[in-house]
Amino acid sequence: MFRRGGGGGSRFEAKYRVYPVSFIDKTQLENGDKVILPPSALDRLASLRIDYPMLFQICNPKEKKTSHCGVLEFVADEGHAYIPYWMMQNLLLSEGDLVKFSSISLSKGTYVKLRPHTSDFLDISNPKAVLEMTLRNYSCLTKGDAILVNYNNKRYFIDIVETQPGDAVTIIETDCEVDFAPPLDYVEPQKVFPAKGAAAGASGSASAAAAGKASKSEEQEEEPQPSFVPFAGQARRLDGKPQSSVSIPIPQKREEAGASSSFGNKSGSSLGKPGSLGKRAAGKLVFGRDSTGKSVDPDLPKPPPLSARHHAAAAAKKPKEEEKPEPPKFQAFSGKSYKMT
């Protein structure tokens, strides 16, 4: 089962029947790439000149599948080897299959490209930290393998898409750049283009909205006419003298102005009659009588003549002037003064 290479150097080669690590109650090894070998392998490796840390190439000769791993312990039964179950899946191995182990030296990785199987891995709050913690349990990475990441009681499989500088690299004590490819179940969102009819309708509605805004702005620009103006109208004096102030016209709306003009045409004949308000002198305000003193209403009594009214007013004033104020009956400190000598 062992072979020795020629020359000054030597290489370890052996064939073992593989089983999952769960057979020896070491399920924690599923979170890495470490294997369990028999003690005879350690005795053989100790006598050979090999590089440390110990790395091995695992080959399935039937399926021609190859992967790489490290070693944790040498406590397996002779002729048996225990490897993680995810590694058996990558190599298409079943329990008890015969595989070949060979010691190998790998260069340190500088670049690794990973691709999750599902997009759920990207939903983790900090996938970078989870991946860094997981890769601490790995000794090497092989292009084409699918490693397992256990986090929060959930299993995530991640493909090794690319490794540099070779198809297999070691990640022990190295500064490696990690890149992510889109998950296998990722679907790019399709771009939805609007239909021509919808675009035309949208443009028409936009133009109608613009026209409505323009009309509203024009209406707002028009100054509203006041409905009430104080002290508007024609001024009249009570003494009958001509007015000196300028009258303020009463503002009217366009509709009311048209209605008043039409009404004025219909009632113009009544304003032209004698004795009506239209014939009164300008600047005078008459309450029930015209400018000559005649009563507009024939039923009202006629006032007395103007001269009789003046005489009555003068007679009423004379008695008031003739009346004299009476002296007071008692005055203080009045009378003669006397001196006592």
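At 14% relative accessibility, D159 counts as buried (buried means under 20% relative accessible area, exposed over 50%, and partly exposed in between, with a 1.4 Å probe and protein chains only). The structure is a predicted model, in which local features need pLDDT of at least 70 and side-chain atom pairs count only at pLDDT 80 or more, while totals for chains, interfaces and linings use all residues. Residues are numbered from 1 along each chain as its sequence is written, and side-chain values use heavy atoms, with hydrogens and water left out.

The side chain of D159 meets that of R115 in a salt bridge (3.6 Å, N to O); the term denotes a side-chain nitrogen of Lys or Arg within 4 Å of a carboxyl oxygen of Asp or Glu. This pair links distant parts of the chain, with R115 in strand β7 and D159 in strand β10, 44 residues apart. R115 is partly exposed, at a relative accessible area of 28%. A salt bridge also joins D120 and K154, whose closest N and O atoms are 3.3 Å apart. D120 lies in the loop between β7 and α3 and K154 in strand β10, so this pair ties together parts that are 34 residues apart in sequence. Both residues are partly exposed, D120 at 32% relative accessibility and K154 at 38%. The search of the whole structure finds five salt bridges, among them one between the side chains of D33 and K34 (3.7 Å, N to O). D33 is buried at 0% relative accessibility, and K34 is buried at 18%.

Seven helices and twelve strands make up the secondary structure of the chain; helices (H or I, at least four residues) and strands (E, at least two) are DSSP runs, numbered from the N terminus. Four strands form an open sheet in the order β9-β10-β7-β12, with mixed pairing; two strands pair if DSSP finds at least two bridges between them. Its edge strands are β9 (146-151) and β12 (177-180), each of which pairs on one side only. Neighbouring strands of the sheet are turned by 35° against each other on average, direction ignored. Strand β7 pairs with β10 (residues 154-164) in the antiparallel sense over six bridges, and the bridge partner of P116 in β10 is I158. Helix α3 lies across β7, β9, β10 and β12 and runs at about 115° to β9. Axes are lines fitted to C-alpha atoms, for helices over the stretch in contact, and angles run from 0 to 180 degrees between N-to-C directions.

F121 is placed in the loop between β7 and α3 and is buried, with a relative accessible area of 0%. Not counting residues up to four places away in sequence, F121 touches P116, P127, V149, Y156, I158 and F180 (contact means heavy atoms within 4.5 Å). The C-alpha atoms of F121 and V149 are separated by 9.4 Å, and the two residues are 28 apart along the chain. L122 is found in the loop between β7 (111-116) and α3 (127-135). L122 is partly exposed, at 44% relative accessible area, and together with V178 and F180 forms a nonpolar surface patch of about 230 Å² of accessible area. Patches are made of residues with over 30% relative accessible area and no salt bridge, like charges being joined within 9 Å and nonpolar side chains (Val, Leu, Ile, Met, Phe, Trp, Tyr) within 5 Å. Accessible areas come from the Shrake-Rupley method with a 1.4 Å probe; for residues, only the protein chains shown count as cover.

Strand β6 (residues 98-104) has antiparallel pairings with β1 (residues 13-20) over five bridges and with β3 (residues 55-60), also over five bridges. Within β6, S102 is the bridge partner of E13 and S103 that of F56.

Two cis peptide bonds can be described. The bond from Y52 to P53 has omega near 0°, and P53 lies in the loop between α1 (39-46) and β3. The bond from Q164 to P165 has omega near 15°, with P165 in the loop between β10 and β11 (168-170). Positive phi values occur at D25, near 60°, and at K64, near 55°. D25, in the loop between β1 and β2 (34-36), is exposed at 68% relative accessibility. K64, in the loop between β3 and β4 (65-73), is exposed at 72%.

Of the 341 residues of the chain, 25% count as buried.
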